Amino acid sequence: MKLQLFGFFRVWGEENFCSLNYCVTIEFAFQENEIKLLTAEIERLKNFGCLGVSPSLEGLRDENTKLKYRLNFLKKSLQEERSKSTKSMININSCLQEIFGAAIQAAYPDLENPPLVVTPSQQPKFGDYQCNSAMGISQILLKTREQKVIPREIADKIVKNIPANECIEKVEIAGPGFINVHLRKDFVSKQLSSLLINGVQPPPIAKRKKVVVDFSSPNIAKEMHVGHLRSTIIGESMCRLFEFAGYDVLRLNHLGDWGTQFGMLIAHLQDKFPDYLTVSPPIGDLQAFYKESKRRFDTEEEFKKRAYQCVVLLQSRNPDFIKAWNLICDVSRREFQKIYNCLDVTIIERGESFYHEMMKDIVKEFEDKGFVQVDDGRKIVFVPGFPVPLTIMKSDGGYTYDTSDLAALKHRLFEEKGDILIYVVDSGQSVHFQTIFAAGQMIGWYDPKVTRVAHAAFGVVLGEDKKKFKTRSGDTVRLIDLLEEGLKRAMDKLKDKERDKVLTPEELKAAQTSVAFGCIKYADLSHNRLNDYVFSFDKMLDDRGNTAAYLLYAFTRIRAIARLANIDEQMLRKAAREEVLVLDHEKEWKLGKCILRFPEILQKILEDLLLHTLCDYLYELATTFTEFYDSCYCVEKDRQTGQIVKVNMWRLLLCEATATVMAKGFDILGIKPVQRM
């Protein structure tokens, strides 16, 4: 019924913020119309009762009661929806898409899936946004109906059908058929006030779906190295974004905690610490322990045989061998947790061992459905479109990574009931995951039109020589060493700036941690994850350009403006409710619009999972703020005495709105700003 009344009304899908005042206005209009009809019906039934014409007066009274209940329910629902919509930020781009979608539907009702293109304008002379659909519609009309209509005529027809709305001041047709959109200043001012009063609230989502994110995933008995940095940082940030957007997020650490390597580790443990069952072995350097066991495995035939026997006993769940396995895993867990504490990462361990008991059922399911072939004793599965088959059982009866990844996929779909599954794993695994996902579809586990399963691939970390990042001796860089080096360099940078002379020891320590770990994270996240990137402490600690150092300094400066003007948080909150944000100066207007683009940026990342877009936005917001601050006095002082003579409160509110959005952006990126730096 709603869709018939409002053909242009769109129900947003899994990644879309169900934003907007325009959508909500349509819903309100529908509900208000229903309330009017119900009220009229109640009045009609009252009249029936008065006239005494109905032989079934009790039935009419019963219907009247039901209608009143329905009316009260609708009124309450309408009030709740209005309350929600006023607190949430509006995705202005989506709002304009709704408006122009309605206009195109009205102008061309018979056109199926017409192109809907709305983008921010690159130059102020072209307005604030542009609708560029006319050219695409012109092409469709020519191809499907052999109608030659110039885009300007189409644009004119669209403009004439724009419905009443609260956000557009005026539109202009330019060039071959671009529609330039100018926003209403009172609309932008109202949205900024709402942001200041309610905080950064995401637009509500249609349904709270479950997102499962697989990230970090180091191997037991091996130290985390620079290769784990990207998966850990990118995965944590994705989780934070989906959580902020209102999704139910499960963060999983698919540890490499099972397999033949544990046979040699347990055999070596038995030799070095024979009383390990009663006395916890003092394994300080697990990496060295692993290397020793590997050397023995490669050179000592007797040790190798015993290692294989240990694997069999472990997989048969022998209690002594399970204890040995747990001891080795615990040493690694403690080392991993040090890294996660530094990087402020929250993650649930669910390693390969978790899925071990499920693997035989996976093999049986593929066999029962006729997908398994036997090749030289191995059980393999060919997936259409992929030349290399999956090996789900080795000739010796053991399972493989393919088996465990299939088991993990099924568990996440059926037991965790994930609506969106994201695997944050390096690009080298792309074909493997494409094959695993295709196998899941082939066997009927999920429909990609309903469930989103994505491999968020990323490139490698390079040294400044543009080769894989290594130590001078050629070894892989340990992640803990990298983080400690970051702390040292951050402190050196702060002391170069003489911050140790103005900050307390506690403030200096907080600034050091913020800069060190913030810069490492931002250097990674600010690059397109699909590309390799060069790791350089000098570049990431530079306080000029698109770096965390620059943004953190900018943030502390913005926060200091109100403080130096003796305006506290309570005064700002009071002003946010009472002051109208004047946006008369071009730099005020530019900053206000930039602040309100935040939901658009997040929406894009929810769709493509490319976090560098958020970094680019934060840098743009900081530079736009600098333009505003250089042109518009927030606090006016006497040039002789330095005394404050005037505080332009609406401009301080713009400062506060900028800082509020930056703080939320930092939080999504996992960066902790400080009040003083």
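Student: Are tyrosine 423 and phenylalanine 437 buried or exposed?

Tutor: Tyrosine 423 and phenylalanine 437 are both buried, where buried means under 20% relative accessible area, exposed over 50% and partly exposed in between, with a 1.4 Å probe and protein chains only. The model is predicted, so local features need pLDDT of at least 70 and side-chain atom pairs count only at pLDDT 80 or more, while totals for chains, interfaces and linings use all residues. Residues are numbered from 1 along each chain as its sequence is written, and side-chain values use heavy atoms, with hydrogens and water left out.

Rings of Phe, Tyr and Trp (its six-membered ring) pair if their centres lie within 6.5 Å; planes under 30 degrees apart count as stacked, over 60 as edge-to-face and the rest as tilted. By this rule there are 16 aromatic pairs. The pair of tyrosine 423 and phenylalanine 437 is tilted, because the ring centres are 5.2 Å apart and the planes stand at 55°. Tyrosine 423 belongs to strand 11 (residues 420-423) and phenylalanine 437 to helix 15 (residues 430-442), so their pair ties together parts that are 14 residues apart in sequence. Here helices (H or I, at least four residues) and strands (E, at least two) are DSSP runs, numbered from the N terminus.

Phenylalanine 469 and phenylalanine 535 form a stacked pair, with 5.1 Å from centre to centre and 25° between the planes. Phenylalanine 469 and phenylalanine 535 are both buried. Ring pairs also join Phe366, Phe371 and Trp445 into a cluster.
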